[in-house]
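This note sets out several points on the aromatic side chains and the overall fold of the model shown below.

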Amino acid sequence: MKKENFDFMVKYYGDARIKKLIMAQAKNYTYCFGTGKTLVERGWTFPVKEVEISRLEELLNDYLDIFFPTRTKEDDDFYILWDIEYFNRENPGYIFNRENQKKIFEWMAPTLDLVEDTLKSYGIKYLIDVTMSGIHVWSKISTDSEAYEEFSKEGFMLPSLKAKYSQVVPTDVKRIKVVPVSLGNAFSTAGKIMEYFTHTLIKENKKINPFKIPVTISDTPQYGEHYSYSGVSSDLTHYAHPIYMRGIRAFCSLHQKTIINGYEDMGPAIDIIKLPGMSYNDALDIMWDVNKAISFYVKNFSKKTIKVPESNEGWLKALKSYTKSSLRKSHKLWEKASVSKPVNLDFNNSLIKDIFDQSKANPALLTPGNLQTIAEHFNDTGSLLATKKVFSIIAKDYYLNKSLGWYNPAHYTGINWEKYDAETAADFWGRIYWSLKTSKLGRSKDWQKRYRSF
């Protein structure tokens, strides 16, 4: 690691106020984890260190990016998170240039304004954390509120996920207590509302964004006329998996995607909370300068901790809007469809054959862009039942097929379906992209003209 990068990290986490702000967040959790260049330099194949919350200082002393779990210690707060970021499948390294980063945030600015407008339209209070490539939107409801009760009623879980939630694994800090059905259902509902918001974002962005950069769901290139292989991702992956497997970067954490990916000259960054009156350019200017970042947090949080605003009424209003929507009707149709019924499946399309090729299925069937292709193909050539049946096949015949090597236990890499839930993940992506297609928000008819496999 370059000396100036190491010095940057030492100075930042060496500041008492920064350390105090991070430690204050930790009170709400039972464990934490971190990733960073120091672990890479020690030879860690999978550079993620997970520890009990009492050992958080170890992660700070290792100068790691800090993450906390989505689930809180006492389950008294229920966090609702929205991850919006730029992606580029053709040139993933495009973001790792400061001038490019400024261009990207200029392209995204109208979309990010729409994100805030959507939340404000329901009276939702929120906090925005500006990252290197986008934003994390934080909000929460209380688990003793009417909003949480209604979220729990609206949720939907498959039996396989319910079974995992009922298990206790004493050796796993993520699973030392069961996940209540109410919490699992509420998490499901939060994902549906994020999907509902994303549909709004896609439609409104097409109307107002002068740069014509598309909004997609979870890094899926649209192969359109503009930004064929890149776009603004409303990343809903957070809601595709069990709540105990999900976490998010802590406020005022280091951000080392640059140096981990080999862009040492760009240096590490620091996530910046967007305060009222701040522009995204203001945040970008601060995040690369350790002295400005420390001064920012000391000035604005010297006498207070960072608190995510509670917004019970706002989220209840959003839920009520969702329950009246056509998207909710689509969700109900999907949930009621039975995969046990016989249905004809057309695998003749060359793109589909390639994705399901056993030698390519891992990672092809984990790639959101391919999952969108599958959902749209079977919607066009078959039906709802055909689409849902195919995603059930993905779960049972592929994700649960250990011979395809989804997880490497020696190196802790890949996806361990014993912890995650294969049926829930496949069902989630099928529903997401089938609903997108039926809402007429999927790819254009001529997308295959610009298609390129990555």
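**Aromatic contacts and overall fold**

1. A search of the whole structure finds 36 aromatic pairs; rings of Phe, Tyr and Trp (its six-membered ring) pair if their centres lie within 6.5 Å, and planes under 30 degrees apart count as stacked, over 60 as edge-to-face and the rest as tilted. One of these pairs is F78 with Y148, which is edge-to-face with 6.0 Å centre to centre and 65° between the planes. F78 lies in strand β4 (residues 77–88) and Y148 in helix α6 (residues 146–154), so the pair ties together parts that are 70 residues apart in sequence. Helices (H or I, at least four residues) and strands (E, at least two) are DSSP runs, numbered from the N terminus.

2. The model is predicted: local features need pLDDT of at least 70, side-chain atom pairs count only at pLDDT 80 or more, and totals for chains, interfaces and linings use all residues. Residues are numbered from 1 along each chain as its sequence is written, and side-chain values use heavy atoms, with hydrogens and water left out.

3. Both F78 and Y148 are buried, where buried means under 20% relative accessible area, exposed over 50% and partly exposed in between (1.4 Å probe, protein chains only). A further edge-to-face pair joins W107 and Y227, at 5.3 Å centre to centre and 70° between the planes. W107 belongs to helix α5 (residues 98–121) and Y227 to the loop between β7 (215–217) and β8 (230–235), 120 residues apart. W107 is buried, its relative accessible area being 15%.

4. One aromatic cluster is formed by W82, Y122, Y196, F197, W315 and Y322.

5. Two charged side chains deserve a remark. The charged end of K274 sits over the ring of Y280, 5.1 Å from its centre, and that of R443 sits over the ring of W447, 4.7 Å from its centre. The criterion is NZ of Lys or CZ of Arg within 6 Å of the ring centre and within 35 degrees of the ring normal.

6. F347 is found in the loop between α13 (326–336) and α14 (350–356). F347 is partly exposed, with a relative accessible area of 28%. Leaving aside residues up to four places away in sequence, F347 touches I352, K353, F356, F378 and V390, contact meaning heavy atoms within 4.5 Å.

7. For the protein as a whole, the secondary structure comes to 18 helices and 14 strands. Buried residues make up 58% of its 454 residues.
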